[in-house]
Amino acid sequence: MTRIALLLPGQGSQFVGMGSDLVQAFPAARELYEEADDILETRLSTLCWQGPGEQLTATENAQPAILLHSYAVWVLAREMLADSVVVAAGHSLGEFSAHLLAGTFTFADALRLVRRRGELMARAGAERPGTMAAVLGLTLEEIEKVCESASVGTVVPANINAPGQIVISGEVDAVSAACDLATEAGARRVMPLNVSGAFHSPLMDVAAVGLEEGLAAVDARDPRFPVIANATAEAVRDGGAVRTTLRAQLTSPVRWVEGVARMREEEPTRWLELGPGNVLAGLLRRIDRSLAATSVGDAETLDALAAG
């Protein structure tokens, strides 16, 4: 029997035109986009399909857009996949998508939560300016030492994406100092990221408080399959633990490498990335060359999935 692991992408995977071919090919997808517009009382669908890109990239828009895209793919493929899913994980925002697919939240609640999450994160970024940078070629231990040595402010490891691929996050001057130190320590490449705040760092404290209030206002059911939490790299099977792990995620690192290792304990035989892009499929190969994920995000890849 096929045992499926689901991967759900996070912010940065959005692009203008996302989902447009799905709604052209599948009436059920169009209905979902129309429902999302009604729930959020905005033309999110138009923003996804036509842009402009700078508005789609805004945190408060990108997050519901990506969740909507992933959910549309899931709804179209659910009859094929649902009985075979044994575990799921999402990268940052994608953890909310994973819980939506697992039935932890309703579609309406999940959309409103991630819209609120994006607004809170953008506001926190304005109130406590910060930034992020990707560092390639250093170990986590080396990155931790670099962050500790950057004494001009707060900077921490934020996304442990793959061996030798780690994102740091914090105050602007501290991230800049850490980038210099990382280069001196032998980093192969250091890349500042175009983000609106220091995500997954202590600078998101204020956003975490607001998100906790939003999570308290919605029902969280036991997920139908385990969802691996970014903050703990442990499986969440109880709706009561969902609020704690999703709140913690905002100020904690995304422990993606450990999360993939935890997913492997569920013995999946097939890995699928549902939603826009193929970032997580690439990270999976970097983490373990013996693993491969199929990215499913448009009508063509859905048809190929059905044929296979």
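**View 1. Four strands line up as an open, antiparallel sheet in the order E4-E5-E3-E6.** Strands here are DSSP runs of E with at least two residues, helices are runs of H or I with at least four, both numbered from the N terminus, and two strands pair if DSSP finds at least two bridges between them. Strand E4 (155-162) and strand E6 (189-193) are the edges, each pairing on one side only. This is a predicted model: local features need pLDDT of at least 70, side-chain atom pairs count only at pLDDT 80 or more, and totals for chains, interfaces and linings use all residues. Residues are numbered from 1 along each chain as its sequence is written, and side-chain values use heavy atoms, with hydrogens and water left out.

**View 2. Strand E3 (residues 130-136) meets E6 through five bridges.** The two strands run antiparallel. Look for Met132, whose bridge partner in E6 is Leu193.

**View 3. Helix H8 (residues 140-149) lies across E3, E4 and strand E5 (165-171).** Contact means heavy atoms within 4.5 Å. H8 runs at about 165 degrees to E4; axes are lines fitted to C-alpha atoms, for helices over the stretch in contact, and angles run from 0 to 180 degrees between N-to-C directions.

View 4. A pocket is an open set of points on a 1 Å grid over the protein atoms alone, where a 1.4 Å probe fits, with protein on both sides within 12 Å along at least five of seven lines; lining residues have an atom within 4 Å of a point. Of the 30 lining residues, Gln11, Gly12, Asn159, Leu193 and Val195 lie nearest the centre.
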